[in-house]
Amino acid sequence: MSQVAFLGALELGLIYGLVALGVFLSFRVLSFPDLTVDGSFPLGAAVVASAIVAGVDPYLGTLMAMAAGALAGLVTAVLNVRFGILHLLASILTMIALFSVNLRIMGRPNIALLTEESVLTPLAPLGIWAPLLKVLVAGVVALVAALLLIRFLASDYGLAMRATGANPRVAQAQGVRTGAAILVGMAVSNALVALAGALFAQMAGFADISLGTGTIVVGLAAVIVGETILPARRLGLVVLACLLGSILYRLAVALALNSDLLGLTASDLNLVTALLVGLALILPSARNPLKALLVRRAG
Amino acid sequence: MVRPIGVTDTKEACMSRLFTMGLPVALALGLGAASAAAAADVTVAVTAIVEHPALDAAREGVRDELAAQGYRVGDNLDFQFESAQGNPATAAQIAQKFVGEAPDVIVPISTPSAQAVAAATKDIPIVFTAVTDPLGAKLVSSLEHPGGNITGMTDLSPIGAHLDLVKEITPDVANLGVIYNPGEANSVTLLDLLRQEAPARGIAIVEAAAPRSSDVQAAAQSLVGKVDAIYVPTDNTVVTALEAIVGVGIDNQLPVYAGDTDSVPRGAIAALGFNYYDVGIQTGKIVARVLAGEAPGSIPVQGVETTELYVNPGAAERMGVSLPEAVIARAKTVVE
């Protein structure tokens with residue numbers, strides 16, 4: 001793996017780390033399986049790309065993207081809380097609708113940002129090597145988001161939200177307005193995912209309608225890999241494990257891209273990635289890693 | 001979660017036939033040229049957004065043309081290939097991997113792959129291919145003088161010629177239905193072109209959107225009564241479900257035209273197309289020029305040079321149209 005490939009994996013891992021944080025909030029904290037993210041990731045990209053092309057400041061555009069993502073999360077939450085639609089179905093409805101909404105926002109399926117301004121433009125005079133700069137920016141954003149999320153979840157309101165996900169009945173009995181907690185949590189979750197989409201569009205140089213494909217899978221994989229690699233009960237570590245899981249997932253892809261030495265071809269990429277992530281999940285929990293691979297555990 | 005993958009440049013290639021013809025020719029040419037070039041070892045890194053017959057054919061074309069120019073895999077050419085398997089984030093990662101390895105030329109196939117590579121390097125020469133709209137994709141600022149480290153090939157369909165063909169076979173067509181996936185950049189570009197070119201030929205365009213292959217039949221049925229013929233552009237989603245359109249065409253006596261020649265044996269009455277193996281060959285020529293030392297930025301972006309006409313008289317008859325003798329005589333292939 002070359003240095004550029006390694007930094008690229010870090011950059012994408014940190015960007016998708018924001019997706020992992022969002023998925024962690026909906027899936028783990030609120031126990032709300034949320035497929036909206038497959039739509040809110042390209043939504044963030046679509047909003048920021050359209051805004052930048054229209055001459056809006058990239059930082060303002062990124063904030064607009066987050067607001068749009070929050071709105072998408074709210075729609076899913078309202079469908080669930082207010083109208084009683086099953087959470088999974090509510091999120092699928094929003095996700096399907098977002099495909100058309102994203103096309104409307106962009107006006108076409110692909111917007112190029114290669115020659116446009118981005119959040120990186122004001123930092124260019126620092127003279128940092130571009131691949132490194134992208135990692136630094138993505139890293140700062142992901143870390144700040146993670147720290148804010150930790151603080152939020154440790155606050156009184158955050159505790160109420162965690163109670164909502166853990167046991168809604170008890171939470172209600174304690175006076176928590178669970179409906180409102182779900183609305184807020186889903187808005188924050190999808191705002192984080194849209195932020196990831198907005199950063200991806202600016203760093204990769206384009207927004208495309210197909211960007212969202214499989215976002216939920218990558219997000220979930222990151223959350224679960226993080227939990228397995230860094231099993232912790234402390235809130236702060238649990239949240240940071242999401243970022244770690246996301247980076248490990250991207251490193252697995254980068255490794256899979258270099259697997260041609262083993263006689264594997266380009267078409268095996270997704271299989272190799274799945275195997276590497278699978279190994280990451282199996283090995284740490286096994287007392288004797290080699291044995292765990294070879295022998296079926298009894299009982 | 002199943003979505004149409006955003007392959008922007010999509011056409012079923014009629015590669016198999018040309019393969020059998022083109023490969024020996026390429027090898028024969030290669031024997032003559034081998035001594036001329038073939039000095040230093042070179043690395044060419046190719047990436048595509050997804051495995052797809054058309055994109056794969058383009059890659060084969062590049063490799064065979066390079067062989068013809070004296071750059072042989074396993075001899076003096078390291079020919080790398082990675083597919084993003086439909087995921088744009090992976091496309092970005094592949095671009096970074098290639099840039100880190102600093103090959104002599106990177107050849108991205110399809111728009112998302114080309115954008116990912118262009119964002120990753122401003123130094124390593126890039127020769128993109130199967131990109132429909134290089135200007136819209138911001139890959140180059142000018143087709144004649146791309147500038148910088150990038151040039152390549154567009155696979156834009158000759159839309160004007162397609163409309164002329166429709167007019168020649170069915171002169172009284174006033175409303176032409178177009179079925180397309182609004183999520184494919186390529187199709188949207190083609191639709192814009194159709195809207196520009198059609199009025200001059202006395203044709204009004206009526207569009208029907210089909211975001212998924214399963215929507216295609218309903219889209220075709222929505223056109224019945226509103227149009228005199230149906231045109232199927234080179235749209236991955238729509239071409240997959242061509243049979244559904246042909247069925248509607250036969251039931252309602254609406255001639256179905258296609259943008260790609262592979263659709264003609266499947267039931268479209270005529271198509272003026274090109275195949276992606278030839279696109280790859282033409283791209284390979286540009287790659288060879290860059291390998292020989294020419295600056296990519298000074299090589300103009302090229303369009304497809306070879307087109308071929310396919311007709312299907314049987315399908316035409318079933319849709320209530322008889323093909324003019326002149327058209328059949330001109331056709332490269334007449335499907336029986």
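B:Gln253 lies in the loop between α9 and β9 of chain B, where helices (H or I, at least four residues) and strands (E, at least two) are DSSP runs numbered from the N terminus. The phi angle of B:Gln253 is near 55°, a positive value in a residue other than glycine. The structure is a predicted model, in which local features need pLDDT of at least 70 and side-chain atom pairs count only at pLDDT 80 or more, while totals for chains, interfaces and linings use all residues. Residues are numbered from 1 along each chain as its sequence is written, and chains are lettered from A and ligands numbered from 1 in the order in which they are written.

A positive phi in a residue other than glycine is also found at B:Lys138, where the angle is near 60°. B:Lys138 is found in the loop between β4 (126-131) and β5 (150-154) of chain B, and this residue counts as buried because 21 C-beta neighbours are inside 10 Å. Helix α9 (residues 242-251) of chain B contains B:Glu243, which counts as partly exposed with 13 C-beta neighbours inside 10 Å. When residues up to four places away in sequence are not counted, B:Glu243 touches B:Arg266 and B:Gly267, contact being defined by C-beta atoms, placed from the backbone, that lie within 7 Å of each other. The C-alpha atoms of B:Glu243 and B:Glu207, which are 36 residues apart along the chain, are separated by 19 Å.

Chain B as a whole has 12 helices and 12 strands, and 60% of its 336 residues count as buried. Among the contacts in chain B between residues at least 6 apart in sequence, 74% join residues at least 24 apart.

An open sheet in chain B is formed by 7 strands in the order β7-β6-β8-β9-β10-β11-β12, with mixed pairing, two strands being paired if DSSP finds at least two bridges between them. Strands β7 and β12 of chain B stand at the edges, each with a single partner strand, so one side of each is left without a neighbour in the sheet. Helix α5 (residues 159-169) of chain B packs on the sheet, touching β6, β8 (229-232), β9 (256-258) and β10 of chain B, and its direction makes about 155° with that of β10(B). Helix α6 of chain B also packs on the sheet, where it touches β6 and β7 of chain B and its direction makes about 170° with that of β6(B); axes are lines fitted to C-alpha atoms, for helices over the stretch in contact, and angles run from 0 to 180 degrees between N-to-C directions.

Strands of a sheet pair through backbone hydrogen bonds, either parallel or antiparallel. In chain B, strand β10 (residues 270-273) is joined to strand β11 (residues 308-311) by 4 bridges, and these strands run antiparallel. The bridge partner of B:Ala270 in β11(B) is B:Val311, and the bridge partner of B:Val311 in β12(B) is B:Val334. Strand β11(B) runs parallel to strand β12 (residues 333-334) of chain B, to which 2 bridges join it. Over 6 bridges, strand β6 (residues 175-180) and strand β7 (residues 204-209) of chain B pair in the parallel sense, and B:Leu176 stands opposite B:Ile205 in β7(B). The chain crosses from β6(B) through helix α6 (residues 185-197) of chain B to β7(B) in a right-handed β-α-β crossover, a term used if, with the strands pointing away from the viewer, the path from the first strand over the helix to the second runs clockwise.

The contact between the chains takes 36 residues from chain A and 38 residues from chain B. On the side of chain A that touches chain B, the largest share, 6 residues, comes from α1(A). The residues of this side divide into 21 nonpolar, 11 polar and 4 charged, where Ala, Val, Leu, Ile, Met, Phe, Trp, Tyr, Cys and Pro count as nonpolar, Asp, Glu, Lys and Arg as charged, and the others, Gly among them, as polar.

Note on methods: Buried ≥ 20, exposed ≤ 12 C-beta atoms within 10 Å, placed from the backbone. Contact = placed C-beta atoms within 7 Å.
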